[in-house]
Amino acid sequence: MNAAVAQELWKGQTIDGKFPLLEWLGGSTHSAVFRTQLPGSSMQPAAIKLVRADRPDAAQQIAAWRGLVTLSHSHLLRIFHAGHCQMSGAPWLYVVTEYAEENVDQVLPVRPLSMTEVGELLPPVIESLSFLHSKHLVHGRLKPSNICAVKNQLKLTTDSVHPAAQPFTPYSLTAYDAPESESGRLPPAADMWSLGMTLVAAFDQRPLTWSRSNTVDPVVPKSIPAPYAQIARECLRMNPEDRCTLSRLRDLVHQAPPLPKPPVPKATGRKKVVAPLIAVLVVGAVIFAVRSKHSTPSEPAVVAPAEQQVPPAEQPTTNSADQKPTAYAPKTDAAVPPAVTHESSPKPPVRVVESVPTTPGVVNQVLPQVPLSARETIHGKVRVKVQVQVGPNGDVSDASFISPGPSRYFARLAMEASRQWKFQPGQPTPAHWVLEYRFGRTSTEVTPVAVPGK
């Protein structure tokens with residue numbers, strides 16, 4: 001299967017009469033992933049993965065997915081449904097899972113993770129692996145692309161989880177797959193190899209290059225800081241029995257030197273706001289860093305007062321179209337998360353200016369609500385253009401992107417706001433308008449332009 005063909009031909013189709021293929025999320029030669037939604041009035045977003053059924057373990061794979069429907073852990077993506085379908089005249093398997101906005105692999109092409117981010121990433125990974133191993137399950141495909149952000153929580157994908165004793169058919173093995181993966185059986189120690197390779201990639205922006213014919217343990221780069229270099233070395237041992245255990249991993253993680261705490265403002269009025277906000281940013285740094293590509297529908301955005309401190313319920317990391325792609329903190333200061341700066345005194349509050357030109361024919365203008373901490377990720381201006389179609393009653397009946405800009409996070413905010421606009425009912429209001437949004441660190445601006453003759 002050609003991924004481009006699946007993207008163009010399958011979008012809009014419905015799987016099993018229940019799961020519409022709403023948005024292409026990615027794919028390979030033997031799989032395709034779309035955004036969908038669960039049946040019912042809630043319209044809950046989900047992800048659906050389609051896998052070629054012409055494989056010897058097809059029945060076994062369906063049984064494994066269905067067996068995981070009842071698997072529940074706060075750091076594992078839920079599986080809702082699995083089954084068979086026909087696509088382009090060929091049989092396919094599908095699995096419907098919880099929708100994840102982002103994954104760690106989307107950060108690494110731009111910059112490595114900081115020590116703080118890795119320190120916050122490891123505990124949920126350790127918890128989820130401990131849970132799986134206690135149930136005699138292995139994850140089987142632990143790597144940056146399978147460490148996801150769901151709202152403000154890190155979760156591992158689950159579509160690769162299977163019993164440790166169960167044979168499987170290896171496909172497209174990568175550096176993240178343990179040496180024993182070629183045998184078709186994976187012990188829990190295989191997950192430790194994958195974790196070690198993921199740690200190296202987190203700091204080095206790519207996994208190690210190693211040969212499966214080699215019996216010598218891979219060499220961990222000297223650039224990896226302690227204690228993570230030691231963890232990687234103990235995980236990346238060719239012999240599964242020699243690898244780091246989860247218990248040993250917890251001990252090594254606890255050896256990480258504590259990061260310096262930022263000074264706490266003494267002004268009683270701001271202390272209640274700034275101190276918790278800094279704490280949230282530190283704890284959520286890695287989650288916020290990976291939330292810029294896939295977004296889920298949410299409540300309509302409203303304009304917040306300029307002085308209001310907006311809780312960072314959602315965080316993007318954004319490259320501006322006017323800047324080269326360096327949205328993240330410079331690599332030279334990897335020990336400090338980009339959203340936090342340790343200074344001797346707190347920064348003054350940022351006053352945000354919201355601006356919509358007064359335009360004839362526009363009755364109600366809505367600007368996106370952007371958390372102040374989200375604005376700190378912007379360099380220059382993030383520009384998004386949305387075209388809206390106006391119905392006879394003045395409501396927006398349809399909306400589409402002319403230019404979504406460099407960030408799906410801000411694109412989603414612009415789209416949600418656009419759908420809430422209200423125009424003058426009836427003639428002579430044009431049927432189409434273009435709304436150009438400009439997001440900056442201290443302002444959000446939008447210019448509505450009528451499109452005549454459409």
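## Close-up views of a predicted model

**Figure 1. R375 has its place in helix α9 (residues 372–375).** Helices (H or I, at least four residues) and strands (E, at least two) are DSSP runs, numbered from the N terminus. This is a predicted model, in which local features need pLDDT of at least 70 and side-chain atom pairs count only at pLDDT 80 or more, whereas totals for chains, interfaces and linings use all residues. Residues are numbered from 1 along each chain as its sequence is written, and side-chain values use heavy atoms, with hydrogens and water left out. R375 is buried, its relative accessible area being 1%; buried means under 20% relative accessible area, exposed over 50%, and partly exposed in between (1.4 Å probe, protein chains only).

**Figure 2. The protein has ten helices and 19 strands.** The chain comprises 454 residues, of which 51% count as buried. Among contacts (heavy atoms within 4.5 Å) with a separation of 6 or more, 66% join residues 24 or more positions apart. The average pLDDT, the predictor's confidence in each residue from 0 to 100, is 78 for the protein, and 74% of the residues score at least 70. Helix α4 (residues 189–204) has the highest mean confidence, at 97, and helix α7 (residues 268–283) the lowest, at 36. Where pLDDT is low, the predicted coordinates should not be read in detail.

**Figure 3. Five strands form an open sheet in the order β3-β4-β5-β7-β6, with antiparallel pairing.** Strands β3 and β6 (79–87) stand at the edges with a single partner strand each, so one side of each has no neighbour in the sheet. On average, neighbouring strands are turned by 25° against each other, direction ignored. Strands are taken to pair if DSSP finds at least two bridges between them. Strand β3 (residues 23–27), of whose five residues four are buried, is joined by four bridges to the antiparallel strand β4 (residues 31–37). A hairpin of three residues connects β3 to β4, and G26 stands opposite V33 of β4. Further along the sheet, strand β5 (residues 45–52) and strand β7 (residues 90–98) run antiparallel and are joined by seven bridges, with A46 opposite E98 of β7. Helix α2 (residues 58–67) packs on the sheet and touches β5, β6 and β7, its direction making about 20° with that of β7.

**Figure 4. Helices α4 and α5 (residues 228–235) pack with their axes 8 Å apart, at an angle of about 145°.** Axes are lines fitted to C-alpha atoms, for helices over the stretch in contact, and angles run from 0 to 180 degrees between N-to-C directions. The crossing is left-handed, meaning that the near helix is turned anticlockwise from the far one by less than a right angle (right-handed if clockwise). From α4, the contact involves M192, W193, G196, L199, V200 and F203, and from α5 it involves Y228, I231, A232 and C235.

**Figure 5. The largest nonpolar core contains 63 residues.** A nonpolar core is a set of buried Ala, Val, Leu, Ile, Met, Phe, Trp, Tyr and Cys residues joined through side-chain atoms within 4.5 Å. L122, Y228, I231 and L249 have the most contacts inside this core, to which α4 contributes the most, with ten residues. Residues up to four places away in sequence aside, I231 touches L122, L199, L249, L252 and V253. Another core, of 26 residues, lies apart from this one and includes V386, V388, Y409 and W433.

**Figure 6. Helix α10 (residues 408–418) is largely enclosed by the rest of the structure, because ten of its eleven residues are buried.** The buried residues are Y409, F410, A411, R412, L413, A414, M415, E416, A417 and S418.

**Figure 7. Strands β18 (residues 432–439) and β19 (residues 443–451) pair in the antiparallel sense over eight bridges.** H432 has V451 of β19 as its bridge partner. The hairpin that joins β18 to β19 runs through three residues.
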